[in-house]
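Here's a quick tour to read with the model open on your screen. Take the topics in any order you like.

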Amino acid sequence: MSVYPTKYDVIVVGAGHAGCEAALAAARMGCRVLLLAIDLDKIAAMPCSPSIGGMAKGQLVKEIDALGGEMAKVTDKTAIHFRKLNTKKGPAVQSSRTQNDKNRYHMVMKSVIEQTPNLDVKQARVDELVVEDSRVVGIMDYTGYGFEAKTVVLATGTFLSGRVHIGSRSFKAGRAGEFASYSLAESLRKLGFTLGRLKTGTPPRLHRASIDFSKMSRQDGDLPAEPFSFSSQGFEMPQQPSYIGRIEKNTIEIVQKNIKLSALYSGQITGTSARYCPSFEDKVMKFPHRDSHQLILEPEGIDTDEIYASGLGNSLPMEIQLEMVHSVEGLEFAEIMRPAYAIEYDYVNPVHLSPKLETKKITGLYMAGQINGTSGYEEAAAQGLWAGINAACRVQERPAFSLGRSQAYLGVMVDDLVTRGTIEPYRMFTSRAEYRLMLREDNADLRLTEIGHDLGLVDADTVKDVKERRKQIYDEISRVRKVVVKPVPEVNSYLKDHDSQPIDNGVHLDQLLKRSELDYELVNTFSPADALLVKRVVRQVEIEVKYEGYIQKQLKEIKKFKDLEDKKIPEHFDFLALHGLSNELKGKLSMVRPQSLGQASRIDGMTPVALSILMIALKARSGL
């Protein structure tokens, strides 16, 4: 085997959202990195919805940005529609979402990668991992040419044994029109990995000029639009509307009549579908009581007429897809530019990974994105950043990078994956985060920027700005708590105008600010700060004051959680020797190999009694 003359610190296989963040993180930390893509024209491609963010996903993007990742910055340069979701609910569950120009997103990210020092990018399909003494030492591409490296990050997306399905027809592809990678999957099997099978899909793309938008409701983005990145001043692209329609009973009946022609329901697809992002035929069959479903038509870019038909994803034959589309009001004459399809691909159950996202079988081999059983660009990018950082840390002999469940959504996701594994496409939700009030979008920089700086991913000026803002927040909260508002006519008149109860005695300003109907305007009216505070400071002051009781409660819960996390389990602890546990639980403990009592407590099937047995055994081992 011929070998490329440069020996790399990190090789990243796959240039989707996971691969891009992994390669950029490792290179920015000072490692020599090689990023390999099957097609350089598809770097950071958006094969499904060209959107970023959404429920809990927006939090992930903000955290990626705070740590020094790139997704949020590219999003802000290419966004064409912005909305803040859940604005009528509390700040813990509010999330940002953008629709993006998918071609510009690819081009901007590709440019960033090409201009990053220490980072080489090449077009190649990887067919084999080269392993010596249970340690990865490089890869071999489809021509038989080799590249050496100290670590490898696999970010293969849907390309690992990918197969596209449209009706009864199926063909090998990583995405429609792109090569799949079958040899790499076989290489993983030979190394002892057990691969599972998952399924996802994408709806048809329609020609803009063939759609009657007058029969649908127009949805404009929020103004002013808030950028994703903490370093961005705003969006650069003109904003475009989306349109909302309904898929009615007549369309549902077409699917019901032809369900046996669906690749998903004919038995042709064996992979597990995404429960939380079902295809249209899945909705029809699993929710038969529903007589209509929402359709969202979103532009794919400024310079293209392709419209993404969210809600019409399916794996039916082309002739049925046409019948379906034309049965929807407003789409009677719609032209399908790209058909909907389903795709199956291989993945590795993430319980075979350590919390570093490094495989337990092969030292120096990391996995990120859909190969770990997740779905979504944001989940992939977050794992890519995590794996890229840890690959660099191994090369540089630095402590491994990790975040706990109380620190970030990233920590919640990685802990879920490596502790519980997944048998279906994993998607991030706010409900998965026990401490979501502490893990808001708006405070991601306050939580994580200094960690990013310590890693070498965030510059000193940014950290200085965050520290100054944090001081302003705490100083203003302290000041507001000390101010007493007296029951003078001006105050009670203000309260009445804002549908708030008048006061009879002097009240501390923070107690008034806790009222749901009042906001920081109250402070500016009766006791303004000496210096003008920026909106981001005001927002934090308002949240910290209004939700003080809930925040204090979560801080107490986090302390209890930390006590369990601090009780470490030795690396080679013999779980099989524990008396009083079921063989099933012993097997799970031996497979997951939790690093702390906290992680052990989250393994499926773990009971308080079993946790006590483990705790006693650990104390006995330590001689306490």
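In which sense do strand β15 and strand β16 pair, and over how many bridges? The two strands, β15 at residues 242-247 and β16 at residues 293-299, run antiparallel and share five bridges. Keep in mind that this is a predicted model.

**The six-stranded sheet**

- β15 and β16 belong to an open sheet of six strands, ordered β14-β15-β16-β17-β13-β18, and the pairing is antiparallel.
- The edges are taken by β14 (217-219) and β18 (336-338); each has a single partner strand, so one side of each has no neighbour in the sheet.
- On average, neighbouring strands here are turned by 35 degrees against each other, direction ignored.
- For a handy landmark, find Ile244: its bridge partner in β16 is Ile296.

**Strand β9 and its partners**

- β9 covers residues 146-154, and seven of its nine residues are buried, so the strand is largely enclosed by the rest of the structure.
- Strand β1 (residues 8-13) runs parallel to β9, with five bridges joining them; Val10 sits opposite Thr151 of β9.
- Strand β8 (residues 135-141) runs antiparallel to β9 and is joined to it by three bridges, with Ile139 opposite Phe147 of β9.
- β8 and β9 make a hairpin with four residues between the strands, and Gly144 in that hairpin has a positive phi near 90 degrees.
- Strand β20 (residues 365-367) pairs with β9 in the parallel sense over three bridges; here Leu154 has Met367 in β20 as its bridge partner.

**Salt bridges**

- Side chains of opposite charge can pair when their charged atoms come close.
- Across the whole structure, a search turns up 47 salt bridges.
- One of them joins the side chains of Arg218 and Asp220, at 2.9 Å from N to O. Arg218 counts as exposed because its relative accessibility is 52%, while Asp220, at 40%, counts as partly exposed.
- Another is Asp415 with Arg405, where the closest N and O atoms are 2.7 Å apart. This pair links distant parts of the chain: Asp415 is in helix α10 (residues 409-420) and Arg405 in the loop between α9 (377-395) and α10, 10 residues apart. Both Asp415 and Arg405 are buried.
- Arg469 and Asp445 also form a salt bridge, with 2.7 Å between the closest N and O atoms. Here helix α12 (residues 460-482) supplies Arg469 and helix α11 (residues 444-455) supplies Asp445, with the two residues 24 apart in the chain. Arg469 and Asp445 are both buried.
- There's a network too: salt bridges with shared partners join Arg405, Asp415, Asp416, Arg420, Glu434, Glu565 and Arg602.

**Aromatic rings**

- The whole structure holds 12 aromatic pairs.
- Among them is Tyr276 with Phe429, an edge-to-face pair at 4.7 Å centre to centre and 75 degrees between the planes. Tyr276 is in the loop between α6 (249-257) and α7 (280-286), and Phe429 is in the loop between α10 and α11, so the pair ties together parts 153 residues apart in sequence.
- Buried, exposed or in between: how does Tyr276 count? At 34% relative accessibility, Tyr276 is partly exposed.
- Tyr4, Tyr8, Tyr145 and Phe147 make up one aromatic cluster.
- Two lysines are worth a look as well. Lys62 lies over the face of Phe230, 5.0 Å from the ring centre, and Lys172 lies over the face of Tyr182 at 4.6 Å from the ring centre.

- Most residues other than glycine have a negative phi, and most peptide bonds are trans.
- Where does a cis peptide bond turn up? The bond joining Leu223 and Pro224 is cis, with omega about 0 degrees, and Pro224 lies in the loop between β14 and β15.
- Asn86 isn't a glycine, yet it has a positive phi of about 65 degrees. You'll find Asn86 in the loop between β4 (79-85) and β5 (95-100); with a relative accessible area of 24%, Asn86 is partly exposed.
- Arg593 is another non-glycine residue with a positive phi, near 50 degrees. Arg593 lies in the loop between α18 (583-592) and α19 (597-601) and counts as partly exposed at 29% relative accessibility.

How values were computed. Residues are numbered from 1 along each chain as its sequence is written. This is a predicted model: local features need pLDDT of at least 70, side-chain atom pairs count only at pLDDT 80 or more; totals for chains, interfaces and linings use all residues. Side-chain values use heavy atoms; hydrogens and water are left out. A salt bridge is a side-chain nitrogen of Lys or Arg within 4 Å of a carboxyl oxygen of Asp or Glu. Buried means under 20% relative accessible area, exposed over 50%, partly exposed in between (1.4 Å probe, protein chains only). Two strands pair if DSSP finds at least two bridges between them. Axes are lines fitted to C-alpha atoms, for helices over the stretch in contact, and angles run from 0 to 180 degrees between N-to-C directions. Rings of Phe, Tyr and Trp (its six-membered ring) pair if their centres lie within 6.5 Å; planes under 30 degrees apart count as stacked, over 60 as edge-to-face and the rest as tilted. A charge sits over a ring if NZ of Lys or CZ of Arg is within 6 Å of the ring centre and within 35 degrees of the ring normal.
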